2 protein chains.
Amino acid sequence: MLKPRRYAILGTGALGGFYGARLSHAGADVHFLLHSDFEHVRRHGLVIDSKDGDFVLPEVQAYSDVHEMPRCDVAVVALKATQNHLLPSLLPPVLADGGVVLLMQNGLGGEEEAAKAAPGHAVLGGLCFLCSNKVGPGHIRHLDYGNVRLAEHAADSGPAGVSDRTRGIAQDFTSAGIQVDIEEDLVLARWQKLVWNVPMSGLSVVLETDTQALMADPHTRALAEDIMHEVVAGARACGRHVHHSFVQKMIDMTLAMAPYRASMKVDFDEGKPMEVEAIYGNPLRAARSAGAAMPLVETLYRQLKFLDYPNKRDMARRRARSS
Amino acid sequence: MLKPRRYAILGTGALGGFYGARLSHAGADVHFLLHSDFEHVRRHGLVIDSKDGDFVLPEVQAYSDVHEMPRCDVAVVALKATQNHLLPSLLPPVLADGGVVLLMQNGLGGEEEAAKAAPGHAVLGGLCFLCSNKVGPGHIRHLDYGNVRLAEHAADSGPAGVSDRTRGIAQDFTSAGIQVDIEEDLVLARWQKLVWNVPMSGLSVVLETDTQALMADPHTRALAEDIMHEVVAGARACGRHVHHSFVQKMIDMTLAMAPYRASMKVDFDEGKPMEVEAIYGNPLRAARSAGAAMPLVETLYRQLKFLDYPNKRDMARRRARSS
């Protein structure tokens, strides 16, 4: 492909804003869809405070309506998974012929939703290991990490191998200073990420804490380990072999991290819907279809469903404000 | 026994204060051990607001030191189970020859602790179904229920049958207007109570809610039912046959109750230690010794152990004050 790829960033928050700004800063043609920050970003651009070096994009191609965007070669879905009901209205207008969807979300099942919403287009999954927060309108603070694992979605959810288009997108990200690993099996990569995400996100919300406190208490650390092993068993039932030693690797990694507020905890504290179905419901249903129960994961799922109710979210928001 | 039984109430709170005051009001010889309310109660007595009729005991035999109390025929332990490390210093000075301990606590294992603390004395267990709160110094509000199941502890924890002393104490309680049922198997009665207590207490604390909200949400209701069935299975492993239909009975009972803040939730909100070992740790260990795992109960146990840490209790207290 000689023509440079044109990117659409659907959802310019802590994640989409960060990766989109990096691509744009490196010279890519990037078009940002915004909601609440549209007016501010149209006038003032994006400001990125990053541990890898601060930078500003004073002029940004910003849109509040997907129908005003040009058709793009890559539509990066950087919305929360709770917004995926919007994909059928967002994706078709913004995709060029042969354009691909790159879904940068947590959990399982998002690529199926994207594929249904954009028939005839290839779908890639991007697993992001990123600590970043939106600290103001158009203002993103990148705290740590930032690498991406990239893999292609297959209609049968099996390993899809590595295509030229995946390599091309990875090249664009790499040129923008983002470390990318290409994976052959998207679903395996997603289960691996769930091994950490399922215990850490849910327990952080239910027990109102952070990753370090969970590790420091022997009871919650043992609970997190048991949940991780259950996720490994669920993955295996779904035909994805994660070694049980991966659990110890995740524990060691968490112990080495600075205290971290999981993104689901951030959503909860801000009174936003949590990605409970993507991170818990979909893996539970996939494992159950494959004959594997995950009772500890289901316990967390049910606790989170209770806390995700709108009136409970209001309570959490009020409490976060008063503390 | 022609001489009327003399009672010591060890712990004059919402529970000990209520039952002791009823016994005293009905003419029994009752001696109250108090801690923070001692001066107030010595001067002003006890005030009971009860759905069965308010009453006042203007003069109360109040003590702040167990060594000043007369030796009694029945030492009622109405402390929280978290205080049972005090039993070896509290019980021997207050028990008459042939005196018995009546342990009115939640959970499992308290009678063993009492028996060790008072060698040579019989131990009875009292399971209280009581909604009452302490609303001020020496001031108790009785909201609902109040019946007691009474049974004798056996050294081998087997069914102990019904002795004359149990019948005599039951008679005193009945004369004081308290409904008493005598049980032959204390451990069976304790497991039955755990079927309700384990899910309802723990989920109320972890999810910061009440029994009605837990029943209204289909996810937490299903979780509570699954936990109840797990407790039933644990009881069976320990040789106590609770029928699985008992679970539906407990659900129906909870649905029929007014919204209720479990006593463990009250303790948590007030920044007090929770009875985690009595209600979770001891049943878990008993079931495990009998070869039964209770993974959902263990999950709640670990979550509660995390929240029961002193610094987390401080947080809970601050939050309760600010809301």
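Select helices α6(B) and α8(B). Here B:W191, B:L194, B:V195, B:V198, B:P199, B:M200 and B:L203 of α6(B) meet B:T220, B:A224, B:I227, B:M228, B:V231, B:V232 and B:A235 of α8(B). Contact means C-beta atoms, placed from the backbone, within 7 Å. By class, this contact has 13 nonpolar, 1 polar and no charged residues. Ala, Val, Leu, Ile, Met, Phe, Trp, Tyr, Cys and Pro count as nonpolar; Asp, Glu, Lys and Arg as charged; the others, Gly among them, as polar.

This is a predicted model: local features need pLDDT of at least 70, side-chain atom pairs need pLDDT 80 or more, and totals for chains, interfaces and linings use all residues. Residues are numbered from 1 along each chain as its sequence is written, and chains are lettered from A and ligands numbered from 1 in the order written.

Stay on the pair. The axes of α6 (residues 186-206) and α8 (residues 218-237) of chain B come within 9 Å and cross at roughly 145°. Axes are lines fitted to C-alpha atoms, for helices over the stretch in contact, and angles run from 0 to 180 degrees between N-to-C directions. Helices (H or I, at least four residues) and strands (E, at least two) are DSSP runs, numbered from the N terminus.

Next, select α3 of chain A, residues 87-94. Its buried residues are A:L87, A:L90, A:L91 and A:V94 (20 or more other C-beta atoms, placed from the backbone, within 10 Å of their own).

How values were computed:
Two residues are in contact if their C-beta atoms, placed from the backbone, lie within 7 Å. A residue is buried if 20 or more other C-beta atoms lie within 10 Å of its own, exposed if 12 or fewer, and partly exposed in between; C-beta atoms are placed from the backbone.
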